[in-house]
Amino acid sequence: MFSKEEAKRIRQEFWTNFGQEYPRKWLLYNTKIKELSLKFTFTTKIAQVSLDIDTDDELIKEYYYEKIWSLEQILKTDFIPNIILDPTYEINYGKLISRAYIQLDNVSIHNKKTWPEVFEFLYENMNKLELFFYEYKDFIES
């Protein structure tokens, strides 16, 4: 078990190393659509790359989810075959968002032996998700 400070240091070390291994500017929060963001997640159990629809306005959340869902076949065929679309994905403290994500199980940010596998997983899948987003942004926005 790690102290909060040590766990924070390990997280910072991981993200610093990831940035050095794959130096580029990621899209992430700069989608120009307030409710949509692309995210990296790495915990003590999983690594994820996701497109999140996060708003308290259920109509807006449903609107964007249906746009993404209508592109599901293209997303799976041309970009990320194992992506999961979840209209009610639970994040912090029971908050529900809509999330399209790909997940790598049985890895831990606290286990440096898993880092190379996670680096590649995050890079490959975020790259594909960004390509998808850029390709279909106009449709998603309209």
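**Note on the predicted model: fold, core and selected residues**

1. The protein has four helices and four strands; helices (H or I, at least four residues) and strands (E, at least two) are DSSP runs, numbered from the N terminus. From the N terminus on, the order of these elements is α-β-β-α-α-β-β-α.

2. This is a predicted model, in which local features need pLDDT of at least 70 and side-chain atom pairs count only at pLDDT 80 or more, while totals for chains, interfaces and linings use all residues. Residues are numbered from 1 along each chain as its sequence is written, and side-chain values use heavy atoms, with hydrogens and water left out.

3. On overall dimensions, the C-alpha trace spans about 45 × 30 × 25 Å along its principal axes. The radius of gyration is 16 Å, which agrees with the value near 14 Å that a compact globule of 142 residues would have. That radius is taken over C-alpha atoms, and the globule rule is 2.2 Å times the number of residues to the power 0.38.

4. Of the 142 residues, 44% are buried. Here buried means under 20% relative accessible area, exposed over 50%, and partly exposed in between (1.4 Å probe, protein chains only). The accessible surface comes to about 8,600 Å², and carbon and sulfur atoms account for 50% of that surface. Accessible areas come from the Shrake-Rupley method with a 1.4 Å probe; for residues, only the protein chains shown count as cover.

5. Contacts between residues at least 6 apart in sequence were also examined: 62% of them join residues at least 24 apart. Contact means heavy atoms within 4.5 Å.

6. The largest nonpolar core has 40 residues, and those with the most contacts inside it are F14, L51, L122, L129 and I140. The elements that give two or more residues to this core are α1 (4-21), β1 (36-42), β2 (46-53), α2 (58-70), α3 (72-79), β4 (96-105) and α4 (115-141). Helix α4 supplies the largest share, eleven residues. A nonpolar core is a set of buried Ala, Val, Leu, Ile, Met, Phe, Trp, Tyr and Cys residues joined through side-chain atoms within 4.5 Å. In soluble globular proteins, nonpolar side chains tend to be buried together.

7. Two residues illustrate the packing. Leaving aside neighbours within four places in sequence, L129 is in contact with L38, V49, S50, L51, L75, I80 and I83. L36 lies in strand β1 and counts as buried, at 2% relative accessibility. With the neighbours within four places again left aside, L36 is in contact with T31, L51, D52, I53, Y64, F133 and I140. The C-alpha atoms of L36 and W15, 21 residues apart along the chain, are separated by 22 Å.

8. Y89 is placed in strand β3 (residues 84-90) and counts as buried, at 16% relative accessibility. Beyond its neighbours within four places in sequence, Y89 is in contact with Q48, K95, L96, I97, R99, Y101 and Q103. Y89 and D52 are 37 residues apart in sequence and 9.3 Å apart in space, C-alpha to C-alpha.

9. F139, in helix α4, is partly exposed, with a relative accessible area of 35%. Not counting residues up to four places away in sequence, F139 touches K67, S70 and L71. From F139 to K67 the C-alpha separation is 7.7 Å, and the two residues are 72 apart in sequence.

10. N17 belongs to helix α1 and counts as partly exposed at 25% relative accessibility. Its contacts, leaving aside neighbours within four places in sequence, are with W115 and F119. N17 and K137 are 120 residues apart in sequence and 30 Å apart in space, C-alpha to C-alpha.

11. Most residues other than glycine have a negative phi. L28, in the loop between α1 and β1, has a positive phi near 45°; L28 is partly exposed, with a relative accessible area of 22%. N106, in the loop between β4 and α4, has a positive phi of about 60°; N106 is exposed, with a relative accessible area of 75%.

12. As to charge, the mean positions of the 19 positive and 24 negative charges are 7 Å apart. Lys and Arg count as positive and Asp and Glu as negative, whereas His and the chain ends are not counted. The place of a charge is taken as NZ of Lys, CZ of Arg, CG of Asp or CD of Glu.
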